[in-house]
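The sequence and structure come first, followed by the account.

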Amino acid sequence: MFTTAIVKTPCRNMINGISTANLGKPDYDLALKQHKTYIHTLEKCGLKVMVLDADEMFPDSTFIEDACLITPRCAILTNPGDASRRDEPLRLSKTIQGLGLPVESIQTPGTLDAGDIMMVKDHYFAGLSDRTNAQGASQLETILKKYDYTSSTITLESVLHLKTGISYLENNMLLAFGEFLTKPELKGFNILKVDADEAYAANSVWINGNVLVPKGFFKTKKMIQDSGYRVFEVDVSEFQKLDGGLSCLSLRF
Ligand code: CIR
């Protein structure tokens, strides 16, 4: 169960965030509105939400998931793989230090975006991507071991982050599309297959028996509902324009 989430208000400068989506520039006012609805949805799932101020220095900083990994036994400030995001964890450090957990960090030459990390009970899958390198994953493994956790890696082929393509829905259920349907590392999970035309919805978020699904992906929404979850549809179109999804917008713990 999660009790708390941390989110970071989008900054005006988000329109200059990194993007490969080809969906145009985000509309800032609409993004703010969508972010508020996202916060309310987290609250409906029973979470207390800490809302951090916008930070104009970092256009992508609303994608707070990449800057820190919070586990039940420690918090790990990351070292984001894209130079423009490298100092985002520093700006979070005070908030994270205040949580009452031991705080660790990933160090250069290791890089790691926590969007590449998927928690499955006491095991953490780390995606090796353009953002997370082998040294980052190996530092993560060493840190996690100290707290009696295990980890393993999965090499990504086409998506930005591991959780762009898969979401763990607890009870051994995985939501996945494309390259993740056939990965040997993931056999053993019950996989809910997301169709290629709804690939964006593979980034959905389990919170205490509820699943947040991006708005407009009807087949995926129905499939998750039919599997027994309560589903909340959340419109994050303005964040999709920056390659970001539902999970990227919060730290949940
Ligand atoms: C980036 O490219 O870093 C941002 N524009 C999007 C980050 C999305 N985060 C995530 O998938 N965890």
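The second largest cavity holds about 90 Å³ of space. Here a cavity is a set of points, on a 1 Å grid over the protein atoms alone, where a 1.4 Å probe fits but cannot get out, whereas a pocket is an open set with protein on both sides within 12 Å along at least five of seven lines; lining residues have an atom within 4 Å of a point. Grid points are joined across faces, edges and corners, and a volume is the space filled by probe spheres set on the points.

The model is predicted: local features need pLDDT of at least 70, side-chain atom pairs count only at pLDDT 80 or more, and totals for chains, interfaces and linings use all residues. Residues are numbered from 1 along each chain as its sequence is written, and side-chain values use heavy atoms, with hydrogens and water left out.

Among the residues that line the second largest cavity are D60, D66, R85, R131, L160, D243, G244 and C248. Its lining divides into five nonpolar, two polar and five charged residues. In this classification Ala, Val, Leu, Ile, Met, Phe, Trp, Tyr, Cys and Pro count as nonpolar, Asp, Glu, Lys and Arg as charged, and the others, Gly among them, as polar.

The structure holds three cavities of 30 Å³ or more. Lining the largest cavity are 22 residues, of which F2, E65, M119, K163 and R252 lie nearest its centre. Two or more lining residues come from each of β3 (68-70), β6, β9, β12 and β15 (251-252); helices (H or I, at least four residues) and strands (E, at least two) are DSSP runs, numbered from the N terminus.

Turning to the pockets, the largest is lined by 21 residues, with L160, T164, Y200, D243 and G244 nearest its centre. The lining of the second largest pocket includes M1, F2, M119, W206 and F253.

| Space | Volume | Lining by class |
|---|---|---|
| Largest pocket | about 400 Å³ | eight nonpolar, 10 polar, three charged residues |
| Second largest pocket | about 240 Å³ | eight nonpolar, one polar, three charged residues |
| Largest cavity | about 350 Å³ | 13 nonpolar, five polar, four charged residues |

The nonpolar cores come next. A nonpolar core is a set of buried Ala, Val, Leu, Ile, Met, Phe, Trp, Tyr and Cys residues joined through side-chain atoms within 4.5 Å. Buried means under 20% relative accessible area, exposed over 50%, and partly exposed in between (1.4 Å probe, protein chains only). The largest core has 55 residues, and L42, F180 and L212 touch the most other members. Elements supplying at least two residues each include β1 (4-8), α1 (28-44) and β13 (210-214). The largest share, five residues, comes from α1. Beyond its neighbours within four places in sequence, L42 is in contact (heavy atoms within 4.5 Å) with A5, V7, L47, V49, I207, L212 and S250. A separate core of 15 residues has I106, L112, A137 and L144 among its members.

How many disulfides are there? The count is zero, a disulfide being a pair of cysteine sulfur atoms within 2.5 Å.
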